[in-house]
Each structure stands twice: as structure tokens, then as C-alpha cells.
Amino acid sequence: MPAYRDDSQRLHARAQRAAMTPAEAALWHHLRNHRFLGLSVRRKAPVGPWIADFLIPARRIAICILPETAFRGSDHPPPGALERLGYTVLRPSANDLSGSHIAALLHRLAARVTP
């Protein structure tokens, strides 16, 4: 997996991990500590010049949560960028990570992960 470009990207990712949105925290609760199918999941992980919200490196799957507003930070990959690097990308909205919708997202993710 690519490393951080420089110290500023590493520090930016660290700051993002400390200030997770409620949607990210809800999903992280289900993915952390190998809870999801025993897979290692990284949060705010570097992929090229971008930072993916969640990354399953063993399966080359990236999860990029679409923000509630139209603004996208420069660290979010543009559509198609991670696919060109060989990643399967899921782009749920923040609304998809609330309440009962999170179970549907986890089911969809499990379908992508299992061969």
C-alpha cells in the first residue's frame, strides 16, 4: 500500500481520525478490531495522493463517504481515480450510515469482499 506522501498528509490524516463525523464513527464501530469478517480495516488511509475514509487493503476495497454537503475536500479522491489504481470503491452517503441503513451497507460490503 502506498505510504503517505509527506508529513503534512500524515498529520492531516491523523487530525481527521481524531475528528470523525458521526457517520464515520458509526461505520468504524462495525469495522474496527477485525470485527468485519476478520479483515483488517484502516481508517483515513493513504491511497496515492488521496486519503480514503476506510480501506481494506487485503481486498483492495476503499470506502469514501460522501459528505452531507456538496463540498469535497482535496483529500477525497475524484470519481474514477481509485478505480484506475485497481481499487473497488464504495461511496455511501452520510445518510446511508444512519440507523438501519448501515446494516444494508455492511451486507453490500460483505458481498464485495467474499469471493
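User: How many bridges pair S2 with strand S3 (residues 61-63), and in which sense do the two run?
Analyst: Bear in mind that this is a predicted model. S2 and S3 pair over three bridges, and the sense is antiparallel.

User: What about the turn there: which residue in it has a positive phi?
Analyst: S2 and S3 form a hairpin, with four residues between the strands. The turn residue with a positive phi, about 55°, is Arg60.

User: Which residue in the turn between S1 and S2 has a positive phi?
Analyst: These two strands form a hairpin as well, with two residues between them. The phi in question is about 65°, and the residue is Gly48.

User: So is S2 mostly covered or mostly open, and how many of its residues are buried?
Analyst: S2 spans residues 50-56 and pairs with S3, while five bridges join S1 to S2. The strand is mostly covered, and the count of buried residues is seven of seven.

User: Asp53 is in that strand. Is it buried or exposed?
Analyst: Asp53 lies in S2. The cut-off for buried is under 20% relative accessible area. Asp53 is therefore buried, with a value of 1%.

User: Which backbone nitrogen does Asp53 reach?
Analyst: Ile63, Cys64 and Ile65 are among the residues that Asp53 touches. Its side chain reaches one backbone nitrogen at 2.7 Å, that of Ile65.

User: Moving to helix H2 (residues 22-31), how wide an arc do its buried residues cover?
Analyst: The buried residues of H2 are Ala23, Glu24, Leu27, Trp28 and Leu31. They are on the same side of H2 because the arc they cover around the axis is only 125°.

User: What covers those buried H2 residues, including which helix?
Analyst: The cover includes the strands S1, S2 and S3. It also includes a helix made of residues 101-113, namely H4.

User: Which element gives the largest share of the largest nonpolar core?
Analyst: That core has 21 residues, and those with the most contacts inside it are Leu27, Leu31, Phe54, Ile63 and Leu109. H2, S2, S3 and H4 each supply at least two residues. The largest share, six residues, comes from H4.

User: How many residues are in the second, separate core?
Analyst: Its members include Leu55, Ala81, Leu82 and Val89. The size of this second core is 11 residues.

User: Which residues does Leu31 touch, leaving out those up to four places away in sequence?
Analyst: Leu31 is buried in H2 and is one of the residues with the most contacts inside the largest core. Its contacts are Phe36, Val41, Phe54, Ile63, Leu106 and Leu109.

User: Where is Pro92, and what is its relative accessible area?
Analyst: Pro92 sits in the loop between strand S4 (88-90) and H4. It touches Ile63, Cys64, Ile65, Leu66, Leu105 and Arg108, with residues up to four places away left out. Pro92 is buried, and its relative accessible area is 1%.

User: How far apart in space are Pro92 and Leu66, C-alpha to C-alpha?
Analyst: The two are 26 residues apart in sequence. Pro92 also touches Leu66. The C-alpha to C-alpha separation is 6.0 Å.

User: Is His12 buried, partly exposed or exposed?
Analyst: His12 lies in helix H1 (residues 7-18). Its C-alpha atom is 9.3 Å from that of Lys44, 32 residues apart along the chain. With a relative accessible area of 38%, His12 is partly exposed.

User: Stepping back, in what order do the elements run from the N terminus?
Analyst: The chain has four helices and four strands. Of its 115 residues, 39% are buried. The order is α-α-β-β-β-α-β-α.

Terms used:
Residues are numbered from 1 along each chain as its sequence is written. This is a predicted model: local features need pLDDT of at least 70, side-chain atom pairs count only at pLDDT 80 or more; totals for chains, interfaces and linings use all residues. Side-chain values use heavy atoms; hydrogens and water are left out. Buried means under 20% relative accessible area, exposed over 50%, partly exposed in between (1.4 Å probe, protein chains only). Two strands pair if DSSP finds at least two bridges between them. A polar contact is a pair of N or O atoms within 3.5 Å; within protein, one must be able to donate a hydrogen and the other to accept it, and residues adjacent in sequence count only if both atoms are side-chain atoms. Contact means heavy atoms within 4.5 Å. The arc is that of the directions from the helix axis to the C-beta atoms. A nonpolar core is a set of buried Ala, Val, Leu, Ile, Met, Phe, Trp, Tyr and Cys residues joined through side-chain atoms within 4.5 Å.
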